[in-house]
Structure formats: structure tokens, C-alpha cells
Amino acid sequence: WDIDSSYWGFGPGAHGYLETLGGRIRYECTRDLNAWVQDPASCEFTEILTAEQTDLERRYMHLRTRSPYFPEGVGNSVLQRLTTEGYLRTATDGSVTLTDEGWLVMESLSKQL
């Protein structure tokens, strides 16, 4: 998974994420098999992501995949608190990854980072 790459979703309930001239678009194909057979291009929802939503998606992706994330603009006190509480591991290069405990509260943490 790479937040900076587009991917197509095909099939009932599949998700896609596309870079377009108008911004990043996220969509979900209809989950109903019969409806999808009738119209494979039908979507449950489509949205153009704002810059803030794209940044949040980037954080989610890094945290979900446990790839190093470099939090920008996050105070050292926040990072130290989350590390002390056992939710984050910090590396000498300034990146963070989730601990097993952090994984359980990933959504909440991603909004703090």
C-alpha cells in the first residue's frame, strides 16, 4: 500500500483511490452483488479528498503498515507522552511506529500525530 499511488478497486465492496487533476478521489463499489452485476461501475460513495483528509490517510497508511512515519509539526511533548504511555516507538532518525498497544488505538493516535 502506498498513499502516493493510485489503485483501482473492482468487484462488490472494492475500494479505489485515484489521483486526478481535481485531487485525490476515494470510492467504494456497490456491495450488493446483483446491483454490481447489473452495473459494475456503480459506486456506494465517491469523494474528493481535501488536503487534510489526504494527510490523515497518509498517517493511517504508515501506521497501518507499521512503516516509519515522520511526524511533522507534532510537539516533542506529545511524542514523548505517547512513547512513555507505550503507544509509540521512536527511532533515532525521528520516525515513529506503533507498538502492539498503539495498534489497538491507531485511529485516535493518528489524529494526534
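Is Gly11 buried or exposed, and what is its relative accessible area? Gly11 is buried, at a relative accessible area of 10%, where buried means under 20%, exposed over 50% and partly exposed in between, using a 1.4 Å probe and protein chains only.

This is a predicted model, so local features need pLDDT of at least 70 and side-chain atom pairs count only at pLDDT 80 or more, while totals for chains, interfaces and linings use all residues. Residues are numbered from 1 along each chain as its sequence is written, and side-chain values use heavy atoms, with hydrogens and water left out.

**Around Gly11**
- Gly11 sits in the segment before β1.
- Beyond its neighbours within four places in sequence, Gly11 is in contact (heavy atoms within 4.5 Å) with Cys29, Thr30 and Trp36.
- Gly11 and Thr30 are 19 residues apart along the chain, and their C-alpha atoms are 8.1 Å apart.

**The sheet**
- Three strands (DSSP E runs of at least two residues) make an open antiparallel sheet, ordered β1-β2-β3.
- At the edges are β1 (15-20) and β3 (43-48), each pairing on one side only; pairing takes at least two DSSP bridges between two strands.

**The β1/β2 hairpin**
- β1 and β2 (residues 23-29) pair antiparallel over 6 bridges, and 2 residues lie between them in the hairpin.
- Leu18 stands opposite Ile25 in β2, and Glu19 has Arg24 as its bridge partner there.

**The helix**
- Helix α2 (residues 51-64) lies across β1, β2 and β3; a helix is a DSSP run of H or I with at least four residues.

Notes
Axes are lines fitted to C-alpha atoms, for helices over the stretch in contact, and angles run from 0 to 180 degrees between N-to-C directions.
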